[in-house]
Amino acid sequence: MKQCSLNHFTESLAPWLDSNYIRSVTLSKEHRVTFSFIDGVSDTYEITDCDRRQVEKVCRDLAKKGITVKGLE
């Protein structure tokens, strides 16, 4: 698991979004975001400088781009 700021997290998404590499995203109750990629690899991030509402907003934006997002309330 990687810990990062919300800004770093959103910046790191850009290359994955451009290549359609993300298969799905899961948001846990602990505010951790796990990405599952098309090659079977997964990566988990804990965003340390914001609340769940802000993390949910980023995940909703991903869903609007057509990515399956699990764990949104």
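Two strands count as paired if DSSP finds at least two bridges between them, and the elements named here are DSSP runs numbered from the N terminus, helices being H or I runs of at least four residues and strands being E runs of at least two. With those terms, Thr26 stands opposite Lys70 in strand 5. The model is a predicted one, in which local features need pLDDT of at least 70 and side-chain atom pairs count only at pLDDT 80 or more, while totals for chains, interfaces and linings use all residues. Residues are numbered from 1 along each chain as its sequence is written, and side-chain values use heavy atoms, with hydrogens and water left out.

**Sheet and helix**

- Five strands form an open sheet in the order 1-4-3-2-5, and the pairing within this sheet is mixed.
- Strand 1 (2-4) and strand 5 (68-70) are the edge strands, each of which pairs on one side only.
- From one strand to the next the twist averages 25 degrees, where axes are lines fitted to C-alpha atoms, for helices over the stretch in contact, and angles run from 0 to 180 degrees between N-to-C directions.
- Strand 2, which covers residues 22-27, pairs with strand 5 in the parallel sense over three bridges.
- Helix 2 (residues 52-64) packs on the sheet and touches strand 2, strand 3 (32-37), strand 4 (42-47) and strand 5, contact meaning heavy atoms within 4.5 Å; the direction of helix 2 makes about 155 degrees with that of strand 2.

**Salt bridges**

- A salt bridge is taken here as a side-chain nitrogen of Lys or Arg within 4 Å of a carboxyl oxygen of Asp or Glu, and by this rule the count comes to five salt bridges.
- One of these joins Lys2 to Asp43, with the closest N and O atoms 3.0 Å apart, and this pair links distant parts of the chain, since Lys2 is in strand 1 and Asp43 is in strand 4, 41 residues apart.
- Lys2 is partly exposed at a relative accessible area of 41%, whereas Asp43 is buried at 18%; buried means under 20% relative accessible area, exposed means over 50%, and partly exposed lies in between, with a 1.4 Å probe and protein chains only.
- In helix 2, Arg52 and Glu56 are four residues apart and therefore separated by about one helical turn, and their side chains meet in a salt bridge with an N to O distance of 2.9 Å.
- Arg52 is buried, with a relative accessible area of 13%, and Glu56 also counts as buried, at 11% relative accessibility.
- The side chains of Glu56 and Arg60 meet in a salt bridge at 3.6 Å, N to O, and Arg60 is partly exposed, with a relative accessible area of 34%.
- Through salt bridges that share partners, Arg52, Glu56 and Arg60 are joined into one network.

**Surroundings of Ser36**

- Ser36 lies in strand 3 and counts as partly exposed, at 24% relative accessibility.
- Leaving aside residues up to four places away in sequence, Ser36 touches Ile22, Arg23, Ser24, Val41 and Ser42.
- Although Ser36 and Val25 are eleven residues apart along the chain, their C-alpha atoms are separated by 6.2 Å.
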